[in-house]
Amino acid sequence: MQLDLKKGSRARTLAILTLVIMAIFIVRLFYLQIIRHDYYVAQANNEQLKQLIIPAKRGEIYAMDDGTPVPLVLNQAVYTAFADPKIVDEPQKMIDLIHRVAGGNARPNLDRLLGLKDSRYQILATKVTRQQAEMMKKENLRGLGFQEESQRVYPEGKLAAQILGFVNNEGKGQYGLEDAINARLTGKDGLLQSVTDISNVPLTIGNKNINIPPQNGENVVMTLDRNVQAYTEKALADGLKKSGATNGSVLLMDPQTGKVLSMANFPTYNPSEYNKVQNADAFNKETISAPYEPGSDIKTITMTTGVDKGAVGPESTYNNTDYITVDDATITNATKGQTGNITFQHALNYSLNTGFVTVAERLGDGKSITLAARNTMYEYFYNKLHLGQLTGIELANEQAGTIIPPSDPQGNAVRYSNMAFGQGLDVTMLQV
Amino acid sequence: MSYARSTQFNRRSSGSWGRNQNTTRFASPVKLGPVTHTVLVALMITVLGLIYLTQAPRATSYDYEAQKIDSKIADLNNQKTDLQVENARLTALENVQNSSVARNMTQPSQTDYVGE
């Protein structure tokens, strides 16, 4: 086929015109797509490409109940109801709806908030449940929106509150288990990068889409027994009421395994209302964070040391005069009258301080608490039984306590004579 | 009897081709001018463009479907979580202790222990 375009003909004019228009297009497209490529790509990405964080689910916390895990901490979706006052056209209807459905979760002065027409975002109610949000959505009010978030819920209420701790507004664990293993419970947020439409719906078009799924936090099962914990807390509360004491702690462990079966402290708090707590002491667990002088409990450890080293036996005897002198200090018994030649078993039964100072002396030369005796006691107390050291329990704010070594000037014979019956050292209930 | 042929068969001159491999050329009596050609090409480009344009919304319509399904899954997960929480609350010790069943329980008048 031969195109025969005669000079001046309409066909030729049309062809030239088409070519000119195409040339203009090509030049313009070259300018836009090649020369200004980076600029427009950046602008398009800015408009269309959105990065959405996919929040990881925080791990749940369980206790045991007769061999079955039962939840103490779960997650629940709650909603924040907000409005765009600029486009709200039925403010009174919206106020009535919020009050009727959200009740106590509604913010005060809703009419004032909705009157702020220059604002595009006003929170009307917080912690709205899914059902409440659904009821409000059904009304289809213009300018009303909902933002989903996750909150911790405590089906057992205050039970084991101090062990659990709580999660603050920034989503970080505070106190207790929530704080100690926060990283494990938190997991890792995912990322969705995608071209979106005007309603932020992700679209599969584009080649810069990224979808990194979140890594949910670990669920944790504690050794705590729900029934034992509940009973312990009740017994502690009753005991404190009976004695008139203001605070107290109880710790129950399986002696075979060291598993903590219950850990109760008073006063306590409600973890779902942690922000109402006036005194932060309520968050602490004295069982692990308040070292104290354990007193006569330590006598069993001193006796153990003596027996294990062969310095004394249960039937070994000493002369009890109800007092004993160590350097310039005189130590007396709280229980008096058990004087004479008595066995160490007898001293243990009556919790006689003199008996255990004598054990400490017999760890040395038998007459005084020598450096060798103090070193032996330190070896057993600190190195073997780990008194004065962190146990590594997965709870926040554990304190180590103090066992003064013989190498310290404070670690003299008087100190160690006191340590023999549980004074002059600081340990936690958990260590004991 | 004579007849006129409208189709011409030309034998391929090359001897290297095998037998029965004739080619035909259809000579159409319709002649297309340059304007028609231009218009046809423009039409073809337009049709191709339209086909492309119809594909893009079709792809994004799947995104909306996927979004709806994702939203439904999230909603069902939330419902499941709500039920788990409700279940945990109903079986919580405090609720069990305060339940009407527990309140109506009475102390046994006599307890006999079975020996081994």
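A residue is called partly exposed when its relative accessible area lies between the limit for buried, under 20%, and the limit for exposed, over 50%. A:Lys127 has a relative accessible area of 39% and is therefore partly exposed. The model discussed here is predicted. A:Lys127 belongs to strand β4 of chain A, which covers residues 122–128. Its phi is positive, about 55°, although A:Lys127 is not a glycine.

A:Asp327 is another residue other than glycine with a positive phi, in this case near 50°. A:Asp327 is placed in a loop of chain A, between β15 (323–326) and β16 (329–332). Its relative accessibility is 57%, so A:Asp327 counts as exposed.

## A cis peptide bond

The peptide bond that leads from A:Phe266 to A:Pro267 is cis, and its omega is near 5°. A:Pro267 lies in the loop of chain A that runs between β13 (260–266) and α10 (286–289).

## Packing around helix α11 of chain A

Two packed helices are described by the angle between their axes and by the distance between those axes. In chain A, helix α11 (residues 297–309) packs with helix α14 (residues 371–384) at an angle of about 115°, and the two axes are 10 Å apart. The crossing of α11(A) past α14(A) is right-handed. On the α11(A) side the contact involves A:Ile298, A:Ile301, A:Thr302, A:Thr305, A:Asp308 and A:Lys309, and these meet A:Thr376, A:Tyr380 and A:Phe381 of α14(A). By class, the residues of this contact are four nonpolar, three polar and two charged.

Helix α11(A) also crosses α13(A), at roughly 35°, with axes that come within 9 Å. Here the crossing is left-handed. A:Lys299, A:Thr302, A:Met303 and A:Gly306 make the contact from α11(A), while α13(A) contributes A:Asn353, A:Phe356 and A:Val359.

## Burial of helix α13 of chain A

Helix α13 of chain A spans residues 353–362 and is mostly covered, with nine of its ten residues buried. The buried residues of α13(A) are A:Asn353, A:Thr354, A:Gly355, A:Phe356, A:Val357, A:Thr358, A:Val359, A:Ala360 and A:Glu361.

## Surroundings of A:Thr317

A:Thr317 is part of strand β14 (residues 317–320) in chain A. Its relative accessibility of 33% means that A:Thr317 counts as partly exposed. With neighbours within four places in sequence left aside, its contacts are A:Asn341, A:Ile342, A:Thr343, A:Phe344 and A:Arg362. The C-alpha atom of A:Thr317 is separated by 9.0 Å from that of A:Gly355, a residue 38 places away along the chain.

The loop of chain A between α14 and α15 (413–419) holds A:Leu395. A:Leu395 is buried, because its relative accessible area is 9% and the limit for buried is under 20%. Apart from neighbours within four places in sequence, the residues in contact with A:Leu395 are A:Ile163, A:Gly176, A:Leu177, A:Ala180, A:Met263, A:Lys285 and A:Ile288. A:Leu395 and A:Ile53 are 342 residues apart in sequence, and their C-alpha atoms are 30 Å apart in space.

## Chain B and its interface with chain A

Chain B contains three helices and two strands. Read from the N terminus, its elements follow the order β-β-α-α-α. Of the 116 residues in chain B, 8% are buried. The chain exposes about 10700 Å², and carbon and sulfur atoms supply 57% of that area.

The size of an interface is often given as the accessible area lost when the parts come together. Between chain B and chain A the buried area is about 2100 Å², with 60% given by carbon and sulfur atoms. B:Asp63, B:Asp82 and B:Leu93 supply 26% of the area that chain B buries against chain A, more than any other three residues. In terms of contacts, 21 residues of chain B touch 27 residues of chain A.

Conventions:
Residues numbered from 1 in each chain as written. Chains lettered and ligands numbered in written order. Predicted model: local features only at pLDDT ≥ 70, side-chain atom pairs only at ≥ 80, totals over all residues. Heavy atoms only, no water. Helix = DSSP H or I, 4+ residues; strand = E, 2+ residues; numbered from the N terminus. Buried < 20%, exposed > 50% of the residue type's maximum accessible area, 1.4 Å probe, protein only. Areas by Shrake-Rupley, 256 points an atom, 1.4 Å probe, with all protein chains shown as cover. Axes fitted to C-alpha atoms, helices over the stretch in contact; angles between N-to-C directions. Left-handed = near helix turned anticlockwise from the far one by under 90°. Contact = heavy atoms within 4.5 Å. Nonpolar A, V, L, I, M, F, W, Y, C, P; charged D, E, K, R; others polar. Buried area = accessible area lost by both parts, 1.4 Å probe.
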